[in-house]
Amino acid sequence: MLLTGCAADNKNRAEGTAADSADLDAAARSWGVAPELVYVTKVSGFTVFQESVGVYGDDEFVVAYRSEKGAAEFGLFVDRKTLTAENCPKQPMVEGSVERVTCEQDGDAWYRKTDDHHEYAVPDNGVVIRLSADTDEVDRTVLRKAAEAAHRPDDAELAALLPATNGVDT
């Protein structure tokens, strides 16, 4: 399988109709992450799980996407790590895990797998965007589509990450 669209146009992934920088900075600060780590994706049948948005580990950005029709979900993680052919199998997919990781280059991305977990990892402008799920919940095609669609949020996408204020300014 060749992943041609995943990072074929990194310029569009990071630029374009990105959210207002002041709004993005404020949201990122409230989550405890750097604004350049905030990414989103779009996959038919999945929506943002707002309660999941925030920091993972020390400074990694995370957001979960849940299936509209069931319990399936995948996570989008963004960090400042690098991923190469040499270090790909050495980096655990789940923090603290010692499971063996296999890596397959797929276009500009890496498809990584353990016995029960898999992910697409996409290097982009100094960060790595990871779309990760249990293998029995979300198939590779869905993760691939999520990886291809990962991008910086526009104003509407940023608003979808934020908790509803019920008309009250915070």
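# Questions on a predicted protein model

Buried residues account for 43% of the 170 residues in the protein. The model is predicted.

User: How many helices and strands does the protein have, and in which order do the elements run from the N terminus?

Analyst: The secondary structure comprises four helices and seven strands. Read from the N terminus on, the order of the elements is α-α-β-β-β-β-β-β-β-α-α.

User: What is the average pLDDT of the protein, and over which residues does pLDDT stay under 50?

Analyst: The average pLDDT is 85, and 84% of the residues score at least 70. Residues 166-170 stay under 50, and the model gives them one contact beyond four places in sequence. The value is also under 50 over a stretch that has 41 contacts beyond four places in sequence, namely residues 1-16.

User: Among contacts between residues at least 6 apart in sequence, what percentage join residues at least 24 apart?

Analyst: A contact here requires heavy atoms within 4.5 Å. Taking the contacts between residues at least 6 apart in sequence, the share that joins residues at least 24 apart is 54%.

User: Are the rings of Tyr 65 and Phe 74 stacked or edge-to-face?

Analyst: The structure holds five aromatic pairs. The ring centres of Tyr 65 and Phe 74 are 5.2 Å apart and their planes meet at 10°, so this pair is stacked. Planes under 30 degrees apart count as stacked. The term for Tyr 65 and Phe 74 is therefore stacked.

User: Over which rings do Arg 66 and Arg 152 lie?

Analyst: The charged end of Arg 66 is 3.6 Å from the centre of the ring over which it sits, that of Phe 49. Arg 152, at 5.6 Å from the ring centre, lies over the face of Tyr 39.

User: Which cysteines does the disulfide join, and where in the chain do they lie?

Analyst: The count comes to one disulfide. Its sulfur atoms are 2.1 Å apart, and it joins Cys 88 to Cys 103. The pair links distant parts of the chain, 15 residues apart: Cys 88 lies in the loop between β3 (73-79) and β4 (102-106), and Cys 103 lies in strand β4.

User: What is the handedness of the link between Cys 88 and Cys 103?

Analyst: The angle about the S-S bond is -95°. With this value, the link of Cys 88 and Cys 103 is left-handed.

User: Which of these two cysteines is buried and which is partly exposed?

Analyst: A residue under 20% relative accessible area is buried, and one over 50% is exposed, with partly exposed in between. The relative accessible area of Cys 88 is 0%, so Cys 88 is buried. At 27%, the partly exposed residue is Cys 103.

User: Where does Asn 125 lie, and is this residue buried or exposed?

Analyst: Asn 125 is placed in the loop between β6 (117-124) and β7 (127-134). Its phi is near 50°, a positive value in a residue other than glycine. With 52% relative accessibility, Asn 125 counts as exposed.

User: What percentage of the accessible surface belongs to carbon and sulfur atoms?

Analyst: The accessible surface of the protein comes to about 9100 Å². Of this surface, the part belonging to carbon and sulfur atoms is 48%.

Key
Residues are numbered from 1 along each chain as its sequence is written. This is a predicted model: local features need pLDDT of at least 70, side-chain atom pairs count only at pLDDT 80 or more; totals for chains, interfaces and linings use all residues. Side-chain values use heavy atoms; hydrogens and water are left out. Rings of Phe, Tyr and Trp (its six-membered ring) pair if their centres lie within 6.5 Å; planes under 30 degrees apart count as stacked, over 60 as edge-to-face and the rest as tilted. A charge sits over a ring if NZ of Lys or CZ of Arg is within 6 Å of the ring centre and within 35 degrees of the ring normal. A disulfide is a pair of cysteine sulfur atoms within 2.5 Å. Helices (H or I, at least four residues) and strands (E, at least two) are DSSP runs, numbered from the N terminus. Buried means under 20% relative accessible area, exposed over 50%, partly exposed in between (1.4 Å probe, protein chains only). pLDDT is the predictor's confidence in each residue, from 0 to 100. Accessible areas come from the Shrake-Rupley method with a 1.4 Å probe; for residues, only the protein chains shown count as cover.
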